[in-house]
Amino acid sequence: MQRELVGRRKDLDHLVAWLGAPSSHAVAVELVGEPGIGKTALLDMALGELRGGSLARIAATAVEQRLTWTGLAQLVRAWPHGDVAALTRAQRRSLDAAIGLDDEPAEPGLVAGALASLLDHAAARGLVVLAVDDAHWLDEATAGVIAFAVRANRGRPVRLVSARRPVPSPLEPGRLVDPASFHSLVLSGLSTAAVHDLLSTSALQLTRPQLVHVHRATGGNPLHVIELARRVRDGEPVDDAVRQTSLESVIGQRVRSLPGAALTVLGAAALTATPTTAVLGRCFDDATLTDALIGAERAQLITVAGSTVRFVHPTVGAAAEAALGAVERSRLHRLLAEAVDDDERALHLDASTDGTDEGVADALDVAARSAWDRGAVEVGARRMTRAIERTPEASIDARWERRIALANMLLDLGAGRDAIDCIDVGSEASPPHDAELAARVVRIRATCRFHANDEATAARELSALVGTLPPGHPTRVDALVAQARMTVFLDVAQSVEVATMAAAEAPATGDQVLIDVTAACALSSRFLAGEPITMPSGATSDSRRLTASELLDELLLWSDDLERAEPAILDRIANAEQRGDLATVANISLQAADARMRRGDPRGALERSERALEVASVMDDRAWIANCHAWMSLANAYLSDVAAARRHLEAAARSTDELSLTDQVAVRSSIGIAALLGDDPSTAVASFRRAREVTLQLRLHDCNALPFRVQMVEALLAVDHLDEAREVSAELMRFATAAGRRRGISDAHRATALVAAAEGDLDRARSCIEAAIAEHDGLPGPLEGAWSRLVAGVIERRARKRAVARAYFEQARDACRAAGIEALARRADVELARTGGRASTDTGALTPAEAQVARLVVSGHTNVEVAALLHMSTKTVEANLTRIYRKLGVRSRTELAARAPS
C-alpha cells in the first residue's frame, strides 16, 4: 500500500476530507486521469481511511458496459441483506428482475426507487459511500438509477465518488448535487522525486540519467514508469525502452510476447464480461487453458482467484483483444456465444459475422426485449436497432415487429422524435403483409407523433386507420379512444364526437374493460366541453395505463365531489408510494393538491405540491416541475407568503411555453390567481389572457376543471379594463349555465356582481353576489364563499350599509383565518378597518387600510391602480398617503419604500 501512496498524499488528504466531511447533504467527488495514473490505488486508499458508515463499490469493465445492469448487480451483492429485504415487495421484485433473479418484468421507476430507498435506509444509520471505479465503462442503466437515487437523497449524508478516464461518462456526478458539494480531482503525473521513491519501493532502481529519461518519456505516469523500469532492469537499454511512447504500446508488446495459445486464451478472456475458468473451459481444452493461465500469471498480466480471471490492469485486457486477428476474433466470439448466458450470447453472435442474418437478428431481438423487460430501456433500444440492421430485407413483417418494439422503447425513453423517425424510415420500405400488423404500425406511428407534440397529425392518422376497420372491431375502438384522448389537446368538441362514437361501438367488442374506458373517456371529453353529465356510481379498474377508474376519479375531483374523489386519490398515492412508483406519486400528488385547495386548505395543497416537486425534480420532468411551481405559488399566495409565491411564480413561468396547451392553461391559471393575490393585477391579466385564449382555441368550455375566469374579471377591473371584464363575465355565465355545474354558476354570479358594481349598478350587484354566496356555500371548503363575501361587503359598503358590510367581512375573515387562508383574511381586516370595524394592530403606527395602501404604493402601483384594487376613490388613496407620509416622517414614494414596514 505504501508504494501506491508515493506522491499522492495531498490528493489523498483532499479525497478523504471530501468524503468524510460531516455534512448532512449529498457530496459528489470525481477522480479524472489517464490509464495507469493511479486512480484505483488512490480510491482504494481513501476508502480504506474512512471510518464507519456503509460502503458499496462498483468496478466497471469495457465489456460490461454493453450488458444490462452489471453495475447494479455488483451494488446489490455488496449491500446489507437486511436493507434489501426491507424494500417494498414491488421494489424488491423489480430489483430482482433487473439483475436476473426474477422472471417478472422490471419497472425502471421501481428499480430506481429501490436504490433510492436503499441509500435512504443506509443514510439513516450514518455516512453512505457509493464508489464507482472506471465510471466511463459503467452500463447506462445502472448510471441512470444511481443518478436518480443520489438526486433523491440530496439531503442525506450520501457520498458518491467516481473515477474515470478523461473521456465522456454516462455518470455525471456534478449534475447530481449542489455545485458547492461537487469536487473534481484531476490526477497528473508524479514528480521526478516521487518517481524515484516509487521505483525504490518497487526494487526497480535506475541511475539518475535513466530516471530523468524515463520520467520525461512517461510524464510521471506510475504504471508506465514501472513498465519501462522493469524493461531496463531486465537489460534493455533505456534509449530502446523509451521508444515505446505510450503505456498501451509497452503493455501490448509484453502481451504479444506470450506464446500463441496463451495469447488466444487472454484474447477470449478480454472479449467476455465473465472471464472465469468455467467459461474459458468451454472454449479450450484443459491443457491449453491451464498452460495459458499459468504463463500469463507468471508474466504478471493476470491474477486467478478461485475461478475468476482478472487482468492486472484494464490496458492488459485491451492489449490482449487488440492482438487478435479478425478471423481469430470471429472464431472466439462464436465459441463464447455457446459458453455464456443469453444476455451476452447475442452480442457475441453479432460480432461473429457480418451482413444480415435471421438467426443473429432473432438473438438480438430476444436480448433487446429482455433488457426492456428488465428496465434497461436504453440497452434494449440499442440492441433492437442492431436487430433491425441484421434482419434480412425479405423478412418484412419481422422488421416491422422490431420497429414497433423499438418505437415503444424510444417512447419509454421520452425520445418521441426518434420514435417517429424509426417508423417513418420503415415506411419507405414495403408495408407489412399482415393486416393486424399494418394497423399496429399506424397506431404506434400516431402515438409517436402525439408524444412529439404533433397531435394534429396523430389524430388524422388514427382517423384514417379507423376508416379502414369495421365498426365494433377492437382495434378500431382502441384507435377511437386514442384519437379522442389526442384530440382533446386540439379541439375538445371534436374529441366529444370521437369518444361518443367509441363508446357506442365498444359493446360489440365484448371487452368490459374497454367498454368502461370508452364510456369514461366520453364523459371526460363532454365534461371538458362544458356539457352537463351524470356521473356513474362506480367503474371497474384495470392495469392499463388509461383506466376507467382513473378517468372517473378525475371527473369527481373536477365536479367538487371530494367525498368520493379525495379518498380514491389518497389511496392511489399510498399504493404508488408503497410500490416505490415515484412517477405516479408526482402525478397524483398534484391532484391531491387540487383537492386540498378546493377544500380551502392551502397549507395541505402546499405540502402535496412540495412532495410532487421533490419527485418531479428527481425525475427531471419539466412539465411536472412547472405545474408544481404553479401550485406552490398559488398556495403560498393564499398563505400570504408573498416572497415564496413570487419565487415559485417565476420558476413556473420560465418553462410554461414548452408545455402542452392544456398544461399551459393549468399553469397560467395558477400564476394569474397567485399574482392577483399578490397585488399584481397586470401580471395576472397577462397570464389569464393566455389561459383564456387557449381554452377558446381548444373549445374547452368547462369552468370547473380549470376555474380562473372570475379572478380574471377581478384583475381586469383592477387595471380598468371594464369592457373586457364584461366580455369575460358574460362568457363565463354562458358556459356555466350550459354545463349546469355549481362552481361555474357561482363564479359566474360573482363575476357579474363585480362588473355590475364597477358600473355602479349596486342593486344588480347585490342580487348577483347573494346568488353567488348561495351557490358557493354548497361547495366544499370556505374559500370561494369567503371570496364572494368580501365582494358582498364591498358592495354593501358602497351602498352605505356598513353594518351589513361588516358582517360579511367578519364572516369572511373568521372562515379564512380558521382555514389558514391568510391572504383573504388580511383583505377582510383591511375592509373592516375601512368600514369602522376593529383595526388590526400588527402593522405598527399604520391602520390596516393605510398599511395596504403603503404596500401597493411601494410595489410600484399608481394612485389610480391602488384605488381600483382597494375599491376606493383616488382622493381616498391620496388622503391615506398624506397620513402615511406624516406618520412615517417621509416626503416621497422613494422614502416610503425605504422606511415603510414590510
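This is a predicted model: local features need pLDDT of at least 70, side-chain atom pairs count only at pLDDT 80 or more; totals for chains, interfaces and linings use all residues.
Residues are numbered from 1 along each chain as its sequence is written, and side-chain values use heavy atoms, without hydrogens or water.

User: At what angle do helices H39 and H41 pack, and how far apart are their axes?

Analyst: Axes are lines fitted to C-alpha atoms, for helices over the stretch in contact, and angles between N-to-C directions run from 0 to 180 degrees. Here H39 (residues 742–759) and H41 (residues 783–798) pack at about 20 degrees, with axes 11 Å apart.

User: Which residues of H39 and H41 make the contact?

Analyst: Contact means heavy atoms within 4.5 Å. On H39 they include Arg743, Asp747 and Arg750, and on H41 they include Glu784, Trp787 and Ser788.

User: Is Gln711 buried or exposed?

Analyst: Buried means under 20% relative accessible area, exposed over 50%, and partly exposed in between (1.4 Å probe, protein chains only). Gln711, in helix H37 (residues 709–718), counts as buried at 3%. Beyond neighbours within four places in sequence, Gln711 touches residues including Arg750, Glu784 and Trp787.

User: And where does Gly510 lie?

Analyst: Gly510 lies in the loop between H27 (492–505) and H28 (512–528). With a relative accessible area of 60%, Gly510 is exposed.

Technical notes: Helices (H or I, at least four residues) and strands (E, at least two) are DSSP runs, numbered from the N terminus.
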